[in-house]
Amino acid sequence: MKAIQVSARVDPSIKEAAQTVFERQGLDMATAIKMFITKTAYEQQIPLSVQETHQQPYPDDWFSEQRVANRDAITRLALEKSPIQDLDLAKIEDREEFLQ
């Protein structure tokens, strides 16, 4: 099988957060992406819920540098302080604790 390289630009904090989830499942980033692409090809549909919505547009300043920085800081703090960081969701007892 001949393989090609696929690349995408992703926000570093999003990549790190996703990588943490993948590692908890015993996966690396490349394997998770291959799984997504393979499932899409075999099932001939995107294995996520992608729906068109009729929501209000974002406010003009929604993506301003200051708002993005504030949201990143809040996300970083929430992840740092979250007890979920100590759980291994591959373990039944940790999943049960998470769902309580």
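## Basis of the description

Because the model is predicted, local features need pLDDT of at least 70 and side-chain atom pairs count only at pLDDT 80 or more, whereas totals for chains, interfaces and linings use all residues. Residues are numbered from 1 along each chain as its sequence is written, and side-chain values use heavy atoms, with hydrogens and water left out.

## Overall fold

The protein chain holds 4 helices and 0 strands, where helices (H or I, at least four residues) and strands (E, at least two) are DSSP runs numbered from the N terminus. Read from the N terminus, the order of elements is α-α-α-α. The chain is more spread out than a compact globule, because its radius of gyration of 17 Å is well over the 13 Å that the globule rule gives for 100 residues; this radius is taken over C-alpha atoms, and the rule is 2.2 Å times the number of residues to the power 0.38. Along the principal axes, the C-alpha trace spans about 45 × 35 × 25 Å.

## Burial, contacts and surface

Of the 100 residues, 6% count as buried, that is, under 20% relative accessible area with a 1.4 Å probe and protein chains only. Among contacts (heavy atoms within 4.5 Å) with a separation of 6 or more, 24% join residues 24 or more positions apart. The chain exposes about 9400 Å², of which carbon and sulfur atoms supply 56%, with areas from the Shrake-Rupley method and a 1.4 Å probe.

## The largest pocket

A pocket here is an open set of points on a 1 Å grid over the protein atoms alone, where a 1.4 Å probe fits, with protein on both sides within 12 Å along at least five of seven lines; lining residues have an atom within 4 Å of a point. The largest pocket holds about 640 Å³ of space, a volume being the space filled by probe spheres set on the points.

Its lining has 21 residues, and Val6, Ala30, Ile33, Lys34 and Ile37 lie nearest the centre. Helix H1 (12–24) and helix H2 (29–43) are the elements that give two or more residues, and H2 gives the most, with 7. By class, the lining has 14 nonpolar, 3 polar and 4 charged residues; Ala, Val, Leu, Ile, Met, Phe, Trp, Tyr, Cys and Pro count as nonpolar, Asp, Glu, Lys and Arg as charged, and the others, Gly among them, as polar.

## The second largest pocket

The second largest pocket holds about 360 Å³ and is lined by 15 residues, with Ser13, Glu16, Ala17, Thr75 and Leu79 nearest its centre. H1 and helix H3 (65–81) each supply at least two lining residues, and the largest share, 7 residues, comes from H1. This lining divides into 6 nonpolar, 4 polar and 5 charged residues.

Key. Buried < 20%, exposed > 50% of the residue type's maximum accessible area, 1.4 Å probe, protein only.
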